[in-house]
Amino acid sequence: MFKKYALSILLILALAAAGGFSQALADDGVTPLEPEIVIPSAEGGEITPEGQTLWFVELSGAPQADGGTASALTTEKNAFRSAAKKAKIQYTERYAYGNLWNGFSVEAGASQIAKFQRIAGVKNIYPVLTVAIPETQPTVEPELFTALAQTGADIAQNELGYTGAGIKVAVMDTGTDYNHPDLGGCFGPGCRVVTGWDFVGDTYNADPTSLAYNPVPTPDANPDDCNGHGTHVSGIIGANGTVKGVAPGVTFGAYRVFGCQGSTTEDIMLAAMERILLDDMDVLNMSIGSAYQWPQYPTAQAADRLVNKGVVVVASIGNSGANGLYSAGAPGLGHKVIGVASVDNTYVTLNTFTVTPAGLNIGYANAAGSPLAPTSGSLPLAKTGTPTTTNDGCAALPAGSMTGKAVLIRRGTCTFYTKAFNAQQAGAAAVVLYNNSAGRFSPTVAGSPAITIPVVAVSDAEGVAINNAINAGAQTLNWQSGVGSFSNPTANLISSFSSYGLSPDLTLKPDLSAPGGLIYSTYPLENGGYATISGTSMASPHVAGAVALLLEARPNTSVQAVRGILQNSADPKVWSLSPGSGFLDHAFRQGAGLLDIDDAILSTTKIEPAKIATGEGESGPFSQTLTIENNGASAVTYDLSYTNAVSTGGTITPSFFLSNATVSFSASSVTVPAGGSASVTATIVPATGPTNGQYGGYIYFTPQTPGQSYSVPFAGFVGDYQGIVAMTNASFPTGPLLGKMNSCTLLRGLDCFGAASYGVFPAGATYNLTSAIGQTPYFLVHLEHQVRLLRMEVFDANTGKAWHRIINEEYVGRNSSSTTFFAYAWDGTTYSGNKTYTVPDGQYVVKISVLKANGDSSNPAHWEVWTSPVITIDRP
């Protein structure tokens with residue numbers, strides 16, 4: 001019926017003129033904000049094409065976690081298989097599920113999917129997404145103990161005496177190097193890594209664009225790690241040796257879902273979750289996920305049910321902060337999952353060089369894609385610009401002008417590779433890149449021809465100091481063999497890569513934040529034993545380890561209560577783009593705030609709900625009753641107050657504003673008796689701008705006598721949520737486009753996708769359907785925002801006769817950027833009910849309808865509709 005691809009737009013489109021957004025908000029009484037620091041321009045990137053041949057087929061019966069029986073599930077699955085065989089559906093069954101989710105994952109050509117939808121008992125079909133191993137950059141060496149101090153884990157260990165002993169933590173990742181002495185040195189009963197499973201094998205790689213593509217799993221009982229990501233995550237949770245993790249007394253289950261490189265698929269993750277349930281784990285950490293999704297995605301559903309069955313599930317919220325709002329990923333979006341954002345570490349231990357005679361000691365990070373810097377030797381220093389040059393090093397340099405020198409170049413405008421290549425071509429022996437905004441960064445200079453000289457990165461302040469030293473006279477760079485400890489100027493601020501919420505159903509996500517930027521932990525022994533990685537991947541295990549400490553300290557705590565206890569004691573942090581302003585960072589980016597595990601363990605008060613999603617502002621004031629439970633020995637009186645956080649406008653490209661939301665309380669203070677509870681109602685009047693924006697803040701409970709304070713985050717949408725336009729933007733001013741594929745790369749053998757170029761036919765076109773290239777209609781659909789449903793229907797262009805549906809896809813994620821799109825191919829067939837139709841030759845139009853997020857299907861205003869130009873089908 002259809003094929004779907006996610007690709008970067010390769011079309012020349014007229015841009016629609018847009019008025020000034022800030023000016024339009026003047027009447028709303030909302031103040032636009034500008035960051036105090038310069039936001040770096042994009043420096044390259046890539047779009048990963050997706051050709052969809054793997055699918056989740058959800059059946060209507062309840063899984064066992066929701067009360068279904070094994071016999072009923074078996075009967076239902078056998079009925080599905082029989083019906084699929086009778087319908088002559090061509091597919092391969094990959095996994096069958098029944099514990100946490102009811103259904104299958106299958107491999108099938110896209111033309112078979114509508115046939116699945118016609119089988120009785122099929123509830124829904126979702127694409128099985130491909131998930132890449134989060135990128136790692138083992139370049140610098142910050143101390144893990146500084147990250148532990150950020151969250152109070154050092155106090156929980158050293159003063160309170162908790163280690164997570166007796167708690168079993170599952171790590172679903174690239175495996176764990178169980179031979180590492182910090183992780184116990186062995187595998188099996190009596191070891192710290194006590195159990196686990198390898199679902200894929202070393203050579204597995206689900207990335208179809210990779211030369212190492214191998215989509216066939218070869219599972220075995222040895223969950224060793226040949227990549228490093230999972231070992232690093234495990235060390236943060238519970239290493240005990242050269243480095244010490246958050247909970248050094250836990251035992252591990254290692255569930256390997258990646259090969260040595262590349263990607264995995266979400267159906268393998270779901271299979272791992274079902275095994276984790278059977279293995280009776282207490283906590284699951286997933287530092288992986290798929291961005292721009294819904295909480296209804298199968299892995300998020302399964303994770304929620306895992307919580308219902310007694311496993312605390314912690315997942316990274318994603319590293320798509322550069323891609324704007326609603327970028328959080330599944331399974332972290334799960335309604336009962338603890339979705340974790342990342343903040344930067346406080347100190348970093350770096351390799352160093354000195355600058356003489358200026359007497360500077362500089363910490364640096366090696367750039368990925370270049371040779372490592374040496375540990376001895378000297379080079380004369382030169383520079384190509386100044387601390388105000390925006391395009392430093394972007395133009396070719398005179399041949400030989402930098403021969404034998406270390407060249408200082410400022411970040412900005414062009415790619416890191418371009419800067420390094422230009423210096424290399426001019427004869428440079430090394431490149432020192434410095435930041436154009438506060439803090440440190442980890443550049444990549446991979447490209448062709450390769451960079452063959454060391455490229456290192458330093459902070460903005462260090463770069464300016466080197467620049468000024470060069471201005472004062474000749475300077476020499478001296479590589480050092482030692483390391484130094486350096487404070488991190490972005491410490492305790494949300495990391496630049498950390499994804500934004502809200503969830504597309506307007507649930508408040510993420511839930512918490514934890515250290516994830518520049519974290520030093522264990523690494524496979526064959527790769528050096530220790531390394532540093534940045535990402536929400538590193539934040540999530542801090543929370544997973546903290547959960548283990550909490551469960552040890554308070555063993556009677558219910559699994560469902562854990563997230564709220566951690567949120568109540570978290571510490572909201574200031575806005576990362578303007579820390580000097582004192583404004584709080586977005587509640588829908590940092591969640592309840594930075595994890596504070598020692599306060600959570602010692603807390604005697606619990607406030608429920610622990611977060612408030614106010615929904616659409618057009619509904620008016622939102623009232624929430626908050627229940628305060630006091631488990632202490634004496635009554636406590638709390639004063640109530642609130643503080644707004646920074647609001648945002650836009651979707652893929654955010655803008656920033658002060659909020660004018662207000663919160664009133666049924667009482668200004670509340671007294672909670674010892675061993676009892678009390679309630680108070682908070683009424684939140686939504687912010688009035690920006691239109692289609694997000695707002696939020698924090699409600700504070702401050703004791704009138706010395707004691708711990710608590711907070712509850714709130715967030716919501718400004719105005720009418722269905723006011724967001726889903727299918728149009730500046731690059732797609734009239735909505736979807738009709739086109740054809742001019743070229744493609746054949747991969748996986750079932751679908752054609754990859755680096756493709758499309759021709760566009762605004763006046764219509766003729767197709768003979770003999771080939772995917774040039775002879776099949778494609779519909780290029782950009783989704784600026786997630787949609788509840790996407791439907792494509794065919795009509796006779798002359799008579800208006802309905803020729804039924806091409807697709808009916810639910811819970812569709814948004815595109816990653818404003819210039820990307822999904823490409824749907826139509827093969828000339830449609831379906832209705834249990835029947836498939838082949839349309840005769842003739843002229844047709846295709847109507848694409850999307851139901852907006854949280855939309856009412858009976859309300860025409862909640863739909864967007866686009867009708868194609870005339871499509872002529874003329875088969876040979």
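Modeller: Let's start with Cys394, which counts as partly exposed because its relative accessible area is 22% (buried is under 20%, exposed over 50%, partly exposed in between, with a 1.4 Å probe and protein chains only). This is a predicted model, where local features need pLDDT of at least 70 and side-chain atom pairs count only at 80 or more, while totals for chains, interfaces and linings use all residues. Numbering runs from 1 along each chain as its sequence is written, and side-chain values use heavy atoms, with hydrogens and water left out.

The partner of Cys394 is Cys414, with 2.1 Å from S to S (a disulfide here is a pair of cysteine sulfur atoms within 2.5 Å). Their link is left-handed, with -90° about the S-S bond. It ties together distant parts of the chain, 20 residues apart: Cys394 sits in the loop between β20 and β21, Cys414 in the one between β21 and α9 (DSSP runs numbered from the N terminus: helices are H or I, at least four residues, strands E, at least two). Cys414 is buried, since its relative accessible area is 12%.

Searching the whole structure turns up three disulfides. Another joins Cys226 and Cys260, sulfurs 1.9 Å apart, and is left-handed at -100°. It also bridges distant stretches, from the β10-α6 loop to the β11-β12 loop, 34 residues apart. Cys226 is partly exposed at 25%, and so is Cys260 at 26%.

That leaves Cys186 and Cys191, with sulfurs 2.1 Å apart and a left-handed link at -125°. Cys186 is partly exposed at 28%, whereas Cys191 is buried at 12%.
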